[in-house]
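Biologist: I've got a model open here and I'd like to talk through its fold. Can you bring it up and take a few questions?

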Amino acid sequence: MNISLKDLVMAGVQWELADTSIGFMEMVSHKTTTPPRTRTAAVVPPISPATPMDIETSKAMASRPTTMDALNRMILEFNHPLKGGATNVVVPMAASTPNGLVIITDIPSSDDDASGKILSGAAGELLDKMLAAIGMSRENVSILPLVFWRTPGGRTPTRIELDLARPFVSRAIELLEPRVILTLGTLAASEIAGTDLMKNHGTPVVLSNDINVFPIYHPNYLILKPGAKADVWTVLQNVQKMLKNV
């Protein structure tokens, strides 16, 4: 059976990768005849919370914090359905010297779950090189996951799992006040920008609060498909120009 990468992306299959770390611009033109080893996640049923939660409780808790530190403490206290199955909670990473850019990704990887840090491992190394290519680093960008706990087997989060975490994501955006949001992967593009990544990669979407959202491929996908890095490079340059001109 032939299954293309597009099929995997459109199906929402999660994967993790190990690859040799090289510069982002080198990756743009990198050619390989041996694809990286991939591992697709088995279908795993959702975990039921020990105590049923509801959206109103989530909204009430997320509305209280007035700083990112306070919001992260509230996330630690929140009894999300995924909390019991994860090793660590992966809270938003707020920039120490903000430049107006917020990056939103999908779910914590197994590396993130083990370390408690967002976008670690091979995907994080590539993201760091992408940021460095436009003169940025994790010191001046903020990074948020759509949910703060790894799903069982790395499966796509359910609608209720996403909805329960969303008030905290929305509150983080309010507190960080970004000028530009960069979404990584199909799920973040759909949830934040309401767009189909495969059809509208790099096409900016303006939210009701006038924030420009640029959807791009997830670093994991870029490791699998090096040729796609040329498209991402163009978007990153546009983001850099927008931040400089605002």
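Biologist: Among contacts in the protein chain between residues at least 6 apart in sequence, what percentage join residues at least 24 apart?

Modeller: First, a note on the source: this is a predicted model, where local features need pLDDT of at least 70, side-chain atom pairs count only at pLDDT 80 or more, and totals for chains, interfaces and linings use all residues. Residues are numbered from 1 along each chain as its sequence is written, and side-chain values use heavy atoms, with hydrogens and water left out. Contact means heavy atoms within 4.5 Å. Among contacts between residues at least 6 apart in sequence, the share joining residues at least 24 apart is 75%.

Biologist: How many helices and strands does the protein chain have?

Modeller: Helices (H or I, at least four residues) and strands (E, at least two) are DSSP runs, numbered from the N terminus. On that basis the protein chain comes to 11 helices and five strands.

Biologist: In what order do the five strands lie in the open sheet?

Modeller: Two strands pair if DSSP finds at least two bridges between them. The edge strands, each pairing on one side only, are E2 (141-145) and E4 (205-206). The pairing is mixed, and the order is E2-E1-E3-E5-E4.

Biologist: How many residues of E2 are buried?

Modeller: Buried means under 20% relative accessible area, exposed over 50%, partly exposed in between (1.4 Å probe, protein chains only). Val141, Ile143 and Pro145 point one way from E2, Ser142 and Leu144 the other way, and all are buried. E2 is largely enclosed by the rest of the structure, because its buried residues number five of the five.

Biologist: Is Val213 buried or exposed?

Modeller: Val213 sits in strand E5. Its contacts, not counting residues up to four places away in sequence, include Ile181, Thr183, Ile192 and Val205. The C-alpha atoms of Val213 and Ile181 are separated by 4.6 Å, though the two are 32 residues apart along the chain. With a relative accessible area of 0%, Val213 is buried.

Biologist: What is the relative accessible area of Leu127?

Modeller: Leu127 belongs to helix H6 (residues 121-133). Leaving out residues up to four places away in sequence, it touches Ile103, Leu119, Arg138, Ile143 and Pro219. Leu127 is buried, and its relative accessible area is 1%.

Biologist: At what angle do H7 and H8 pack?

Modeller: Axes are lines fitted to C-alpha atoms, for helices over the stretch in contact, and angles run from 0 to 180 degrees between N-to-C directions. Arg159, Leu162, Arg166 and Val169 in H7 meet Leu187, Glu191 and Ile192 in H8. By class, that contact has four nonpolar, no polar and three charged residues (Ala, Val, Leu, Ile, Met, Phe, Trp, Tyr, Cys and Pro count as nonpolar, Asp, Glu, Lys and Arg as charged, and the others, Gly among them, as polar). H7 (residues 159-176) and H8 (residues 186-193) have axes 12 Å apart, and the packing angle is about 60 degrees.
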